[in-house]
Each structure stands twice: as C-alpha cells, then as structure tokens.
There are 4 protein chains.
Amino acid sequence: MSCAIKSPLSGIIPPLVTPLIDNDVLDKEGLEKLIEHLIEGGVHALFVLGTTGEAQSLSYKLRVEMIKNTCRIVDGRMPVLVCISDTSIIESVRLSYVAADNGADAVVSAPPYYFAPGQPELAEFYQRLIPQLSLPLFLYNMPSHTKVNFAPSTVRRIAEDSRVIGFKDSSANAVYFQSVMYAMRERPDFAMLVGPEEMTGELVLMGAHGGINGGANMFPRLYVDLYNAAKERNIEKLQQLQEKVMQISSTIYTIGQHASSYLKGLKTSLYLLGIWSDFVAAPFHRFEKAEQMKVRKALEELDMDLLLR
Amino acid sequence: MSCAIKSPLSGIIPPLVTPLIDNDVLDKEGLEKLIEHLIEGGVHALFVLGTTGEAQSLSYKLRVEMIKNTCRIVDGRMPVLVCISDTSIIESVRLSYVAADNGADAVVSAPPYYFAPGQPELAEFYQRLIPQLSLPLFLYNMPSHTKVNFAPSTVRRIAEDSRVIGFKDSSANAVYFQSVMYAMRERPDFAMLVGPEEMTGELVLMGAHGGINGGANMFPRLYVDLYNAAKERNIEKLQQLQEKVMQISSTIYTIGQHASSYLKGLKTSLYLLGIWSDFVAAPFHRFEKAEQMKVRKALEELDMDLLLR
Amino acid sequence: MSCAIKSPLSGIIPPLVTPLIDNDVLDKEGLEKLIEHLIEGGVHALFVLGTTGEAQSLSYKLRVEMIKNTCRIVDGRMPVLVCISDTSIIESVRLSYVAADNGADAVVSAPPYYFAPGQPELAEFYQRLIPQLSLPLFLYNMPSHTKVNFAPSTVRRIAEDSRVIGFKDSSANAVYFQSVMYAMRERPDFAMLVGPEEMTGELVLMGAHGGINGGANMFPRLYVDLYNAAKERNIEKLQQLQEKVMQISSTIYTIGQHASSYLKGLKTSLYLLGIWSDFVAAPFHRFEKAEQMKVRKALEELDMDLLLR
Amino acid sequence: MSCAIKSPLSGIIPPLVTPLIDNDVLDKEGLEKLIEHLIEGGVHALFVLGTTGEAQSLSYKLRVEMIKNTCRIVDGRMPVLVCISDTSIIESVRLSYVAADNGADAVVSAPPYYFAPGQPELAEFYQRLIPQLSLPLFLYNMPSHTKVNFAPSTVRRIAEDSRVIGFKDSSANAVYFQSVMYAMRERPDFAMLVGPEEMTGELVLMGAHGGINGGANMFPRLYVDLYNAAKERNIEKLQQLQEKVMQISSTIYTIGQHASSYLKGLKTSLYLLGIWSDFVAAPFHRFEKAEQMKVRKALEELDMDLLLR
C-alpha cells in the first residue's frame, strides 16, 4: 500500500541503516524496531538503500528483501523512497520495479559510480532511465562516491521531465546547494533535500524542504525538532539544537580513521541504544571494543533526555 | 592611523580587488574610487591582498604599494586587514611589518601553498609565525588553492594563542564551517568569517560573524543589507536578498571556462560600473569583448535600484 | 575446458571489449569474430568484464552470458581471466562461481568502488573474499574509478595468500608500479601486468610480465610485437612500435571531451575495422558522425600494413 | 662564467638540496661540499631552487644567495639551471636576471601555483614570460604542487618559441610523459627530463634525455650509472641499479607520514652521510631522533660500496 507524496516532499527523511545479522542476512526484527522508533520520532518519510543503508555492499537479494520488508512494516504510514543507484541502467530499472511492486512511493538515483560520466552523458543517462520507471524520481548528488557533481543546469535539464520531483545533495557544498536551488527557483513543487545534517537547519531556513540525515536513525526527534525550528524560523531554538547535532557529528562520526567511520559510529551507536546488532557489511566491519567505548562515552555525554523524549 | 578591531570582527569585509593599470602599476585613483564606494556602501572593514586581490600575481613592490595606499586612503575610518600569505615564512613576516608600519589593524594568513603541509606541520608553522607578528592574526582556509584544510582541531590548537582572533573559510563546505564553529564555541571573541557570499546569509543566521565577500566590491550595500537581515533574523528579507546574490553568482561569475572566471567577471563588472580599468594580472587577462557583453547583459538584468541605492 | 595458467602469467592479455547489439543484448557473432581476431593476432590470454569491457554498465545476466560465450569460443586455446569487481562481496563471489563453472582460469578484482575503503579495510576485504573463490585471483588497481590505490605493502599483505597470483595496475603511475614490483621482488611467480599500453613496453623491459592493453582489441599483433621486442630487449624495434602505440593513443583515444572518449574511440575503431557494431552501453553512447569521421581519419593515417599483417 | 648547454641537455642533473644553517641562513660551506660531491659523482648539470631545493620556503634574499654561490662554486664546470617558478610573473623575471647576471645557463619554470590557470592561460603566461628572459627556458610540470598539468599540445605550443629548450616532468605519470615525448617527436633538440628517479631508467631507454633526480644529491654515482646503463641499453645492469634506486625510494623517502617525508628523509640522509646540517625550512622541520634512526638503518642496509665508490 503506497502513500502519495505531497509536493514538494518535506521534512526529515532518515536514510535507513540496513540492520544485518550477517553479510547476507537481514535482521527483520531489528528493522521493525528501527522503523517503529523512527515513526514514533515523528519523521516524515523513509529512504532505504542509500549510502547510509550500505546498499552497494549488499547483494541484490538482500536489497530486494529490504524494500519488501520496509514497505510491509511501514504499511502506508508514510512515504517510502527507494534508492536504485547502480552502475547498470538495467539493474536500476529492475530495482525500480521491485519498489513499485511493493508499494514504495518514489525512487532515488545517484549517477553511475564506476566510470564517471560528463554532464551531457549524465543528462542522457536520466533521459533514458526515466521513461522506464513507474515511480517518480529524486536525483541524488554524492560526488565523494560517484566522482561527479550534477551541474545546476543539468539538474534543471533533467527536471524538465515532471516525473523528476526532487534533489538530494550530499556534497556538503553550500554554494553548490544554493546554486541548484536558484536554478530550480521556478519549480516550487521540486523538493530540495539536504544530505548532511550539519547544514540542514540553515538550508531549511533559506528555503530547502528537508533533510535526509543519517543521525535521524538514532535520534529522530532531534532532527524533526531541528527541522520544525527552522520551518518556524525560531533561530534561538535552532541554534540550541544545532549544537547537539554538532556534538554528535564531532564525536560519534569521527572515531576511527577511514571514511567509513561515520557508518561504523552510527551502527555502533544504534547497537548501544538497544536497537539492534552493529554488523557492518564488507568491505567494512564493526568497531573494535576500544572504539565502541568511545562511542559509548560520546553517547553518555549527550543530553539523552533532550534526545529521546 | 589604525583603528582597533572590536572582537569579534563582524560584518561585511570586502576582499578588495586590486585596481591595475598594467601588470606592475597600481591604479591609485581607481583604488581611491573603490574604497570610497565601499565606505559609502556601509561595509565594516577592508581586506587587502587576498585571492580576489590577486596578491600572488603581484610583485612584492606592488603589494607594498597596495598596503600603503589603502591605509592612507582609509585613514582610520574602518579596520584594514592585510593578507600576508606566502610560501616563505620570512616573506610573510616582512609583509606583516609593512602592514603594521602603515597602520593596518590585523594580518591574515593562508597555509603555505606550494608544498602542502600536514596538520602538525600546519600548527607548527603558525606557532613559529605568530611570535614574529606585531598585529593580530586571522587564519584563512582556502583549500582549492592551498591543497590543505585546517582541521577544526588545528584551528583550536593554533588559536590557543590569543593573538589569533579569527578565521576566514573559503572552502564552501558548510559541514566544515559548522565543525570549526563548534570547535571554537567557547571563544565568543573569535571571529568566524565566511568567504563565499552565496552562503554568508545562512551562516550568519547560525552564528557566524560576517562575510569576506568578493561581490561586495561591486554592490557593497547588497551584502551589508544581507548581513543586517541575517543579524536581525529577518528571514523574508534575507531570502529576497539571497536571490540577488545568487543571480550575480549564477551570471557574472560563471562566464568563461576556467577557475579565473570569477575574477575576470568581477573585474569586468567593476569596469562596466565605472569604477576602473578591468586589467587582470598575469597569468590571467581581462575578458574579450564577447564575454564582456555577457557581463553587461547580466548587469542589466540585475535590479540596479536595489543594488546601488 | 580450462587451460592452466603458467606462473607468472605473461604477455599481451587484451581486456575484451563487450560487443553489444543493444543495452542488454550481447553480439555473439561479433564476440566470435573478435576472439578469433585476437587469437590470430597472437595474444597470450583474454581478460573479460574489465573497465574496457564496460562490465559495470552491463546487467548481471549479460555479464554471465559474456563469461559463458567467451569460454565456449576460446575453448581452452588460451587462459581466460574474468573480472568480478563489484561493490558487493556476495555478487563478486557469485560471478566467480560462474567463471569457474564455465572453465575460466582466474578471476580479477578491483576494490569495491562506491564507498572507498582504507588500506586495512582493503586487506580485510580480500582476506574475506579469497577463501570463497575457487579460482586464483589477480588484484586490479584502478584508482581513477575506485578512488583508492592498493599500497605496495597492502599488495604484499594480500598476496601472502598463494591464491593471489598477480597484479594489474591501471594507475599510469610508473613510480607506483615500480614500488609494487619492488615490494613483490621475492615472488618471481607473481605476475606484474600493466594496464596502459603507452607504458607497457618500458615496464616489460624493467621486469613486468605483460600488458592488459585495450588497443590490442584493434591491433593485437602490434601489442604482441611490442611485448616481444621488450622481452628480447630489442630497443630499436621497441621504439618504432612505441611510436605507433603513441599515435593510436594521441588520436583514437582523445577524440571527444569526456573520460569515456577512450572507450568510444576504441569501439568506433573496431566498428570501422569491420569487427562489429559500435554500440556503447549506458551511461555512454556511440560517437556521432563528426567524431566517427575523426576516428576514420586517424585509422587511415596509421600504417595499416604494419598493424594488420 | 657560463657554460653553453648542448642541445638536448642530457644526463643526471641533481635538483640541489639547499643547505641551511637556519631559516634564512645559507650554509655556504655545506653547499661547496655538496657541489664538489656531485661533480666528483659525475653528474651532468645542476638544477637549483626546485622543489627539492625548497625554493618556495626560502626568502628571495636567500634564493639570490643560492644562485650566486652555486654559480661561483661551479665556475663553469657544468651547466647550472635556475628555477624561477613564482606566482608572480614579475618576481620570476627578476630571478631570471639574477640567474643571467651570475652566469647561469638556463632557467626553469613551473606554472604559477596559487590560482591554477587553464590551458590557454598557461600558454599565454609563457608567451608573456619568455620575451622577458635572457636565458633559455625549461618548462617544469609538477601537478601535485601546482594543481595543473601542461597538456601535451600546450607544451608544443609554448615550445614553438625556440628559446624553450626542454621539459621536466614530475607527474610520475608515464602515459603522460610518453604523450609529451610523442607530441615533441619532431624536435630532437628538445630535452625531455624525468623528475622521479624511480622511472628515469625506463624512460631514458625509451628516448628521454635524463633525470632531475633528488636522490642524486646523496649518491650521484648511482644515478649516473643508471643513466649510462640506460643509454648503453645494458638492461641487466640497469635492472640491478634500479633495485638500489627502489630500495632508497622504499626506505629513506617513506619514513614519516606527510608529503614532506621525501624532503626530510633526503636531508637527514645527507646529514648522516656527513655532507651538512639537516635543517629544513618552515613550514617543515628536520626529523626527530626516532625517524633519524630509521634513516640511519636504511642507509646501513644499502650497499655503500656500490653507492659511494
């Protein structure tokens, strides 16, 4: 059962962590626990199989299971967005069918991430992909992983097709985000969504529609409050909440030395909060004890009352 | 005659374009015209010999002249910051003497930009530099040109010395800016200044102190209004002004194909606005006629009444 | 029917272009023509589903077909290497089963290419992968696409497992190649193979074992001659052949503006040489007429007698 | 007294380390010792104020002293090349005067390294610079420090002026080096010189003219032997010497964690070999004791007889 997306899609849309028991075994119970935790936390939609969802590390079988189970558990209570990013257009289309068949509401796609396309090639890729999809599409900018940025004019060109209903940007570059927002200024129905939680508040103040923020897996209420404070232009409150967001970012996400620290910190934290196992798919692995202790300490120093109320 | 800096330094601080008659000839009349234009426009301080000032393209003789003439013209009417970035610590120190002798109020320094240092080396560089300076120091993050970012912890470490009074960030990375702001949260006297004008508004809302924005050379009033709207938390007005800022950014700065387009667009625009010659120092050169026409068209489409009142 | 690999694997091993009729339709006839062309040209082994083979752009169904058909056509006449690079370890293992079941001789794997691993993570990834493979493994360094280089010490660490029998480097960095060769100097059975044909000759002179060179799809004899000249230390002849290689590289591969130019030039050239269709899988597409004309001109200027004898 | 350069300049041309007593104090005695050591070692020319010479870290006063003293000590016994790379064309020209006045034989210039130029801008920069020089010019490609590569066609375009007599490439990219060599194939008088010593041997075999190799400061004879072996096409001997070169590269240059490790390792090694002080200019500093011990160990493991005979 699907749930129509109001345009533009707005609010906090957690990029779901994929709970795992082993490399190819979904933790269905953990997933249920997580989704209920997020719904209670007041989030506005869910986004599965993104970077935080470790989609590229998972088998296709498991990706399919993740779509099915999420749609089943959510059961129309809020929109479900499914990320279908792939290096192969055919595999992307196939995942979009699974999403549609299971009642998801939209798909999301980052550029093919092996052989980086140029801008005209990027536009053509989407012009070929879109007619094969039966769900509306969000574009997903993730240059640190795909090696390419959508030029603002490329976003506008692709979005001439009305089936393209929004844009998620994980570049962390605010000049770039403002440029895309400006390029799309005559499309008030086009959702502008922010990846990094550290800059969601300020960009919602400036007109962005919401955040696809990893930290919302842990503390959905905090990010929903941040979003609401920005929507209500309550700067005082926004700054207070931003400080919590920065405390999380400066502690939990920066333990360890590799780019994967964010993911490991997030999964360890969810484990410590009692939500499920901290299994991380290859090529990564869960934190060792020493790092886990640091996450525990970071969590203790957060004001849990604020976060979990 | 100098003018003490109130801590933290706040407001709009244009990075002065360096008006040139030829590769090694300062346009003193143009400089006077520019500075009076900026003072009338209500800016809060001036920043000379930055990236926009083409400092690295200029001879040392001309850099010295630029310092002297700016200080002479300003004559204590507002603080003058002098950028002393150099690959050689000795040349940096020498420029700082010139700045101090001529009554400038502070110096600004980006990391040595030939052989990129690591973080401990960066901290040590400043620990060696600072005792040799007789003016307070702002750190200047400009990774696209220096190939290195100050880690937030490195900023904090360097700023343990109270002679370090602020930070300018031109990375365009809002997550990074928020991280440095968070790392420095217990130093309310430490100025957090934004390079890119496209993100100055949102960051002032979140607690930053101002912007070192190139566009303020052309339209100082626009950026001062933007800053004030953010200070007063007038979001409605801020969004309106932001649209103008983005119109400038999406037109004047993006003509031409190279990284130098920003600089050429800015200088051409100042020329067309009647402020002075559009001479650009080597390795760059002024726009050709075709590109100049595009700048003219971009200017015509801006609402000049708003900008120049 | 497989064909045991002599250690170290040596010679010219073309990375097969994947002949396509449409995005998901293998051109089996074209594949047969290509393989016979290569065998006649004297190549020493074949490498399928690499970067030149557009593997990441193909559906898994088509990748499986490509493995099956190549093994069937080759029928034990030379070793077949199958690239199983994937972001998911499970999908990599699955492809390795297909390779083994169809009689391929070895598999090849580049690092997971979405979320870049650190060096210890890279080593662990292979330590997990290797026990699940039933064929020997070549490591594949391709930093422009995977965003990570195997450190020489990481290669050595992974290659402690004797099932790892070689290394292909497409970094174009000769200092790096020499460093890995030096790190592996006590393993004379470990094959050091060069990706870029422009540097194969010189590195074979210095001790490398061969080249996985895209141009060998077009002119297998040229690259085999180059390899032989290097093996025989016939520098005079090597320099002559190198000039042809550089003529190809400086013309056919550099038409067009994007990173995909190499691939498009190669496929167009094969089409013009009468080998098959020039269809390129999404996100790319075949050259337009204007660019095709340039490839034709480049081919005409090559001394075909030399190349095709 | 100058010494005419034979075209093309060939052989081993050490990029002189700059011996320092303190940040702004040249060690003239050390310089004398070093130059005599190099002349005894049989090198073919000297290159001062390059990256290895820490030129950008030095004051202009010291750069001038370095030029003067080197020319004085060499006294026409071999060609002296002076690097005049600067971000300011005026300062570059000024250094070229100093070089000419003191009897140097040629100047060398890398692109302006603060604000990276595009290819047409790069060509124009040199077209403006060259007429102001009174010595012949070598171009210097150093993309890791300047953020820009000379396109092969840009080298050809700049070298249309016959005052441009050679090219030094420190990119480590052998495909690139071959491409420039191919683009310049009709200019047998144009010197193609290799920066990284790890790839000098193989490229001299393929037609390059020599190496500007940092390690030649320590062991000039080794690199001269390597060059001669390549010139004589004695592959056996070349491979033996290459192994020594790689041993040095894999030990002395890779102690420490930052890009400066190469420089620190080299200066420490020269100190331990008794040539002079290991003072490194800011932003760097000499190795600590622990790292110095590692350099000592690396030196002990080298076969000194071979190196210093």
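First, the ground rules. In this predicted model, local features need pLDDT of at least 70, side-chain atom pairs count only at pLDDT 80 or more, and totals for chains, interfaces and linings use all residues. Residues are numbered from 1 along each chain as its sequence is written, chains are lettered from A and ligands numbered from 1 in the order in which they are written, and side-chain values use heavy atoms, with hydrogens and water left out.

Let's begin with chain D. Look at helix H1, residues 28-40, and helix H2, residues 60-74. Helices here are DSSP runs of H or I with at least four residues, strands are E runs of at least two, and both are numbered from the N terminus. H1(D) and H2(D) pack at an angle of about 45 degrees, and their axes are 10 Å apart. An axis is a line fitted to C-alpha atoms, for helices over the stretch in contact, and angles run from 0 to 180 degrees between N-to-C directions. That angle makes H1(D) oblique to H2(D). For the cut-offs: under 35 degrees is roughly parallel, over 145 roughly antiparallel, 65 to 115 roughly perpendicular, and the rest oblique. The crossing of these two helices is right-handed. Right-handed means the near helix is turned clockwise from the far one by less than a right angle; anticlockwise is left-handed.

Who meets whom? Contact means heavy atoms within 4.5 Å. From H1(D) we have Lys28(D), Leu31(D), Glu32(D), Ile35(D) and Glu36(D). They meet residues of H2(D), including Glu65(D), Met66(D) and Ile73(D). By class, this contact has five nonpolar, two polar and five charged residues. Nonpolar covers Ala, Val, Leu, Ile, Met, Phe, Trp, Tyr, Cys and Pro; charged covers Asp, Glu, Lys and Arg; the others, Gly among them, are polar. Keep one general point in mind. An α-helix has 3.6 residues a turn, so residues three or four places apart point the same way.

Now chain C. Helix H3, residues 89-101, packs with helix H4, residues 119-129, at about 40 degrees, with axes 11 Å apart. So H3(C) is oblique to H4(C). The crossing is right-handed. Ile89(C), Ser92(C) and Val93(C) meet Phe125(C), Arg128(C) and Leu129(C).

On to chain B, helix H9, residues 220-231. Buried means under 20% relative accessible area, exposed is over 50%, and partly exposed is in between, with a 1.4 Å probe and protein chains only. Among the buried ones are Leu222(B), Tyr223(B) and Asp225(B).

H9(B) has a partner, helix H10, residues 235-251. The axes come within 9 Å and cross at roughly 145 degrees. This crossing is left-handed. On the H9(B) side, the contact includes Leu226(B) and Ala229(B); on the H10(B) side, it includes Leu241(B) and Val245(B). The classes are nine nonpolar, one polar and three charged.

Next, the backbone. Most residues other than glycine have a negative phi, and most peptide bonds are trans. Here are some exceptions. Arg233(B), which follows H9(B), has a positive phi near 60 degrees. Asp75(B) has phi near 50 degrees and sits in the loop between helix H2 and strand E5 of chain B. At 45% relative accessibility, Asp75(B) is partly exposed. Ala172(B) has phi near 70 degrees, in the loop between strand E8 and helix H7 of chain B. Ala172(B) is buried, at 10%.

Two peptide bonds are worth a look. Ser7(C) to Pro8(C) is cis, with omega about -10 degrees. Ser7(D) to Pro8(D) is cis too, with omega near -10 degrees. Pro8(C) lies before strand E1 of chain C, and Pro8(D) before strand E1 of chain D.

Last stop: Cys83(D), in strand E5 of chain D. Is Cys83(D) buried or exposed? Buried, with a relative accessible area of 4%. Leaving out residues up to four places away in sequence, Cys83(D) touches Phe47(D), Val48(D), Leu49(D), Gly50(D), Val108(D) and Tyr140(D). Phe138(D) is 55 residues from Cys83(D) in sequence, yet 8.9 Å away in space, C-alpha to C-alpha.

Methods. Expected span 1.5 Å × (residues − 1).
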